[in-house]
Amino acid sequence: MRYLVAGGAGFIGSNFIRCLLDSDVEILNFDKLTYAGNLLNLADIEKNKNYTFVKGDICDRKTLKKVFNKFKPDVVVNFAAESHVDRSILDADEFIKTNIAGTHNLLKLSLEYGIDKFVQVSTDEVYGSLGKKGFFTEDTPLNPRNPYSASKASADVLVKSYSVTHGLPVVIGRCGNNYGPYQFPEKLIPLTILHCMKEGKIPVYGDGLNIRDWIHVLDHCRALDAIIQKGKTGEVYNIGAKQEMKNIDVVKSIISEVAKKVPEKKISERQICFVEDRKGHDRRYATDPSKIIKTLKWKPKISFKEGLCETVDWYLENPSWVKSVFNKSYMRYYKANYSKRKVIA
Ligand code: NAD
Ligand code: TYD
C-alpha cells in the first residue's frame, strides 16, 4: 500500500510515519516545512527504503498533482495544517489557506486519481466548548469558536461533502489534545517543560481551570491506523483517552516531574504566572471515544502519568532538537503572543 502523508514533518505526522514504517507500507511525506515542520523529527528514518520526503505546499496544486501522478497513492492521510489556536488569533490568513483551500486540493486530486481512502486528521475542537457535564459524540453539532477550529470544521464539512457528492471514500478522525515527543514548544505541555528547565515564568491563561482531554500521540497514531484499516467510508470517529485535566493540574504535574528529574535546578510552583486569558478561550473539551472503541476495537494504552514521565524524559534527552526550534521566528511569535498580556497573579 502506498500512503501519501501530507504534513508528516510535524508533531503527530512524524510520530505516525515512524509507527507505520514498521508495517508493509510505502510512505511519501509531502510537507511545506513551515515553522512547525522539522526534518529532525524524522532523521532516524530518512534513509528507510519505504520512505520518501517531498517538500511542497498543499496549496500548490500543480506540484501536488505531479506527486499524485508519480507516486499514485492508495491512501491519503492529511495532517497538514496550521495547528495553533493562539497564532490563529494573531492572524488567521494561513489557517484559511492551508486548512481549507489546501485540504480541498487534496480532495480534488484524490478524486481525480481514484484513491482507496482519504483520512482527514481533525480535532475535537470543531465541537466548540462544553459546560461542566457531558461529552462530545460524533453527533454533537459543529460549533467552532476560534479561527483555528473554524478552519478545521470547514475542512471537515468539505471532506464530508466529497463523500456525499462524489463518493470519495473519506473518513474523519477527531482527536483530543495530543502530547508526546517532537511537539513544538508553543503548545502547553512542551512549553511548560522547557520553561521549567529555564527556571522561568510559566504562563497560565486566565484562572487555569480550563479543561483539556489529553491523549498520548502514539495512541492517536494507532487510532488513525485502525481507521485506515477498518474505518467505514463517510464516518467520523472521535478519538480520546478519557483523561480530562484542568490546565493548572497539568502544569503542576509537569513541575513536579521535572523537579524530580532535575533536582539541581530551582523548579517550583512559584514559577506559575497567571496571565490575561486567551480570547474566546474554550472552557472544556471532553471526548466520548465509545464508537471507535466498539466498532474498530481500538483502545488507548498510555496513561497520562506514564506518558508525561516519558515525554519529560524525551525533552530532557534531546537538547539539540530543542535548540533547533528555539529560533528567531519562534522568539518573534513568543513576543507577539505573550509580551502584551497582563499578569493577573
Ligand atoms: P504541527 O503544527 O506540529 O504540524 C503541522 C505540519 O503541517 C508541519 O509539518 C507543517 O510544516 C505542515 N504544513 C503546514 N502547512 C502546510 C502546507 N500548506 N502544505 C504542506 N504542509 C504543511 O501539527 P500537529 O500537532 O502535528 O497536528 C497535525 C494535525 O492534527 C493537524 O491537522 C491538527 O489540526 C490535527 N490535530 C492536532 C491535535 C494536537 O493536539 N496537536 C489534536 C487533534 C488534531
Ligand atoms: P494548547 O496546548 O495551545 O492547545 P489547545 O489550545 O489546542 O487546547 O493549550 C492547551 C490549554 O492550555 C488551553 O486551554 C490553553 C492553555 N494554555 C495556557 O494556559 N498557557 C499557554 O501558554 C498555552 C500555550 C496554553
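This is a predicted model: local features need pLDDT of at least 70, side-chain atom pairs count only at pLDDT 80 or more; totals for chains, interfaces and linings use all residues.
Reader: How much of ligand 1 does the protein bury?
Author: Polar atoms of the protein approach ligand 1 at several points: a polar backbone atom of threonine 34 is 3.0 Å from an oxygen atom of the ligand, and an N or O atom in the side chain of aspartate 57 is 2.8 Å from a nitrogen atom of the ligand. In the side chain of tyrosine 148, an N or O atom is 2.6 Å from an oxygen atom of ligand 1. Taken alone, ligand 1 exposes 830 Å², and of that area the protein buries 97%.

Reader: From which domains does the shell around ligand 2 draw at least three residues each?
Author: Ligand 2 has 19 residues around it, and those that come nearest are Glu125, Arg212, Arg278, His281 and Tyr338. By class, this shell has 8 nonpolar, 5 polar and 6 charged residues. At least three residues come from each of domain 1 (2-179 + 216-239) and domain 2 (188-211 + 244-280 + 303-336).

Reader: How much of ligand 2 does the protein bury?
Author: An oxygen atom of ligand 2 lies 2.5 Å from a polar side-chain atom of glutamate 125, and a polar backbone atom of leucine 188 is 2.8 Å from an oxygen atom of the ligand. For asparagine 247, an N or O atom in the side chain is 2.8 Å from an oxygen atom of ligand 2. Taken alone, ligand 2 exposes 510 Å², of which the protein buries 98%.

Reader: Which element gives the largest share of the shell around ligand 2?
Author: The elements α3 (85-90), α6 (188-197) and β8 (202-205) each supply at least two residues of this shell. The largest share, 3 residues, comes from β8.

Reader: In β12, which residue does tyrosine 205 stand opposite?
Author: In β8, Ile202 and Val204 point one way while Pro203 and Tyr205 point the other way, and all are buried. This strand runs parallel to strand β12 (residues 272-275), and 4 bridges join them. The residue in β12 that stands opposite tyrosine 205 is valine 275.

Reader: In β10, which residue does arginine 174 stand opposite?
Author: Strand β10 (residues 236-239) is covered on both faces, with Val236 and Asn238 on one side, Tyr237 and Ile239 on the other, and all of them buried. Strand β6 (residues 170-175) runs parallel to β10 and is joined to it by 4 bridges. Arginine 174 stands opposite asparagine 238.

Reader: Is asparagine 41 buried or exposed?
Author: Asparagine 41 lies in the loop between β2 (26-31) and β3 (51-55), and a polar atom of its side chain is 2.9 Å from the backbone oxygen of alanine 9. Because its relative accessible area is 1%, and the cut-off is under 20%, asparagine 41 counts as buried.

Note on methods:
Residues are numbered from 1 along each chain as its sequence is written. Chains are lettered from A and ligands numbered from 1 in the order in which they are written. Side-chain values use heavy atoms; hydrogens and water are left out. Buried means under 20% relative accessible area, exposed over 50%, partly exposed in between (1.4 Å probe, protein chains only). Two strands pair if DSSP finds at least two bridges between them. A polar contact is a pair of N or O atoms within 3.5 Å; within protein, one must be able to donate a hydrogen and the other to accept it, and residues adjacent in sequence count only if both atoms are side-chain atoms. Accessible areas come from the Shrake-Rupley method with a 1.4 Å probe; for residues, only the protein chains shown count as cover. A residue is near a molecule or strand if one of its heavy atoms lies within 4 Å of it. Ala, Val, Leu, Ile, Met, Phe, Trp, Tyr, Cys and Pro count as nonpolar, Asp, Glu, Lys and Arg as charged, and the others, Gly among them, as polar. Domain bounds come from an automatic or database domain assignment.
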